[in-house]
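Look at the structure, then work through the points.

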Amino acid sequence: MKLAVGDKFESIIQKSDLVSRDLSWLKFNERVLDQSKKEHRSIFEKLKFLAITASNLDEFFMIRVGSLYNYLDYDKERIDYSGLREEPFKAKLMKDCQQFHAEQHQHFIENVLPRLGEEGISLVNTSRLTADEQEKVRQYFQKAIYPMLTPMVYDGYRTFPILMNKLLIFGVVTTSPGEKKDMRKLSFVQIPANIPRFFEIERDNMLLLIPIEEVIRENIVSLFRNVEIEAVSLFRITRNGDFTLEESEDMDANFLEEVKRKLMERKTGRVVRIEIEEGYSKWMLNSLLERWNLKSDSVFLVKRSSMIDFTGFWQIVGNKKFRDRLPQIPEPVKPLSLRDEGTADIFEILKEKDILLHHPYNNIDSILDLIEKAADDPDVMAIKMTIYRLAKESRITKALLKAAENGKHVSVLFEVKARFDEENNIREAKKLQKAGCFVIYGITHLKTHTKLLLIVRKDRNEITRFVHLGSGNYNEDTARLYTDIGLLTTNEVLANDVSEFFNVITGHSMPSQYQNLITAPRDMRNQLIEYIEQEAENARNGLPSGIFIKVNSLEDSEIIYALYRASQAGVIIKLVIRGICCLRPGRPGLSENIEVISIVGDFLEHSRIYHFHNNGQTRTYAGSADMMVRSFDKRLESLFKVESPLLEKQLMNILAFNLRDNFNSYVMQEDGTYLAKEPKNGEEVFNVHKEFFNLDPDKVMQVRLIG
């Protein structure tokens with residue numbers, strides 16, 4: 001029997017030993033959407049997760065679909081992990097994106113909209129308002145919106161206007177009285193991003209939310225006087241935002257200018273998606289498709305009963321009126337290694353022992369307080385750190401400025417290529433540079449993703465180096481929502497490693513080796529493969545073996561095939577991969593001994609932990625690196641070894657708790673799909689995002705991952 005084209009592609013995909021990175025990412029966003037469907041979640045949480053799926057999808061189209069178009073537009077060959085070439089893969093990807101988009105909007109219409117009223121919220125258009133309320137809306141339009149709108153006509157005499165990425169846009173087809181139909185003109189009205197998504201009106205105990213597009217739609221005739229409006233179509237475009245900085249031998253101001261220029265290009269990059277409301281003008285849409293060289297599968301139709309751009313729900317979720325109706329995160333608890341220290345001086349504590357921080361269960365204030373204390377301490381001589389993303393009102397920037405004012409040597413590597421945070425990082429870096437800090441604007445052809453802090457302090461005749469190494473950004477905002485690992489230590493071996501690594505980052509140094517640090521792009525892939533192969537060798541020799549890894553993404557094929565070989569040798573492999581996973585677990589003859597779970601819930605899982613049993617001589621690392629090609633080849637990354645028995649047990653316990661979770665977990669199947677993991681008969685619910693607030697130190701010390 002001959003296979004249909006779609007079935008043929010599906011057969012090729014399933015035969016591959018690897019799962020497509022992009023198709024795997026879509027499965028991740030499905031798991032985020034599933035959080036919005038959970039019955040236990042409030043309407044505000046449902047809106048929050050819908051907004052997250054929308055912003056995730058925006059970035060996916062800008063970066064991943066944008067990258068695919070870079071191959072298509074320039075006729076470059078690309079074979080996906082799925083085994084498909086560019087055009088067939090795009091057809092499959094767009095089909096899956098269309099299905100996801102339909103599921104998003106169906107969930108909103110059927111499950112979310114009907115429940116808004118229970119919370120005293122009503123999403124309405126102007127026809128459902130009283131006369132007084134309609135007058136309020138009219139006044140709002142006249143005074144606050146009308147002056148900000150700029151109709152831009154496109155015809156044979158005017159060039160096509162620049163339509164901005166991710167803005168709501170009205171396409172208005174008009175004709176002049178008496179003119180022929182083929183003389184119609186197309187105008188665009190873009191809704192500025194700084195206008196709130198909803199106009200709010202309070203009515204008794206209800207909060208009425210009128211989408212801004214409905215306010216403008218009702219009054220759009222005032223922008224087109226003495227002409228006939230044939231059609232008004234609401235749409236939104238997504239542009240290619242994928243770019244890579246070319247290698248450059250220069251490290252001068254031209255580098256910064258190149259970053260700024262690339263940021264500007266995002267505003268005019270090729271269009272990769274059109275979201276459009278039903279009832280649109282076919283003439284207008286055909287004109288846009290022809291202009292932007294798009295096919296119909298890049299057009300995403302939105303019903304009038306839904307709305308374009310779910311990221312607008314953040315206005316509802318963040319409304320002060322509903323603050324008490326959002327689930328409250330428990331107060332952070334003290335780290336296990338810092339439980340009984342009271343108000344003792346942090347510098348003195350760290351001279352005696354290491355501290356492992358697990359955010360958000362442990363407060364990030366421990367790190368912020370340390371930096372602020374170092375800025376004021378007359379005995380601190382130098383502060384060095386890498387910065388990838390910062391909070392908008394960052395305590396770290398303020399502390400570093402103060403340290404510079406106090407005459408300390410401050411050197412900071414700002415990664416100005418941190419995607420979508422480039423402008424904020426450039427602004428913060430310039431502040432520090434003006435204050436006299438030594439600022440490095442990243443390394444041209446590599447992203448500095450490693451998270452390192454080094455404080456040099458003179459105490460009498462002794463020099464002590466205080467080090468922080470972590471998996472997360474020095475960002476006090478995201479630290480409340482992301483799970484991350486951080487190590488505070490004065491361990492001389494790690495301090496030497498970190499000092500050497502800073503010299504690599506900021507200068508021209510190539511140390512022969514590190515003792516307790518694994519770094520990329522030089523050693524990381526090979527070192528991890530060596531550890532995986534050691535487990536395989538142990539298994540073949542009948543020795544205990546096991547690999548337990550927790551990361552955001554697993555995409556590197558060399559690592560994946562090393563894990564396959566280890567599985568075939570009999571190694572038990574358990575992987576906790578939040579997002580992309582290109583490995584196929586449980587395939588007979590290939591990966592029977594590999595289990596993959598993904599945890600998606602109240603907190604965003606961001607910590608990276610690598611544990612190798614090594615016949616009882618365990619190796620346990622944590623750090624900033626995922627198992628991706630970009631992490632190993634295109635980024636400065638680090639993983640640090642944890643040797644303290646208590647701290648290593650804590651990391652092992654994090655892995656054990658993740659594997660026990662039956663509330664937020666999804667189990668990956670061989671075909672790349674995921675099934676929610678639920679309590680088995682008689683099993684209690686184990687929610688990992690609650691259990692870490694109630695750790696029992698004695699039980700942590702008893703944790704075992706093998707046997």
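Rings of Phe, Tyr and Trp (its six-membered ring) pair if their centres lie within 6.5 Å; planes under 30 degrees apart count as stacked, over 60 as edge-to-face and the rest as tilted. By that rule the structure holds 25 aromatic pairs. The model is predicted: local features need pLDDT of at least 70, side-chain atom pairs count only at pLDDT 80 or more, and totals for chains, interfaces and linings use all residues. Residues are numbered from 1 along each chain as its sequence is written, and side-chain values use heavy atoms, with hydrogens and water left out.

**Aromatic pairs**
- W25 and F60 are stacked, 4.4 Å centre to centre with 5° between the planes.
- W25 lies in helix 2 (residues 21–37) and F60 in helix 3 (residues 43–73), so the pair ties together parts 35 residues apart in sequence. Helices are DSSP runs (H or I, at least four residues), and strands are too (E, at least two), numbered from the N terminus.
- Both W25 and F60 are buried (under 20% relative accessible area, 1.4 Å probe, protein chains only; exposed is over 50%, partly exposed in between).
- Y361 and F693 pair edge-to-face, at 5.0 Å centre to centre and 75° between the planes.
- Both Y361 and F693 are buried.
- One aromatic cluster includes Y361, F603 and F693.

**Charges over rings**
- A charge sits over a ring if NZ of Lys or CZ of Arg is within 6 Å of the ring centre and within 35 degrees of the ring normal.
- R31 lies over the face of Y674, 3.7 Å from the ring centre.
- R291 lies over the face of Y154, at 5.8 Å.

**Helix 15**
- Buried residues in helix 15 include M524, Y531 and A539.
- G542 follows helix 15, with a positive phi near 75°.
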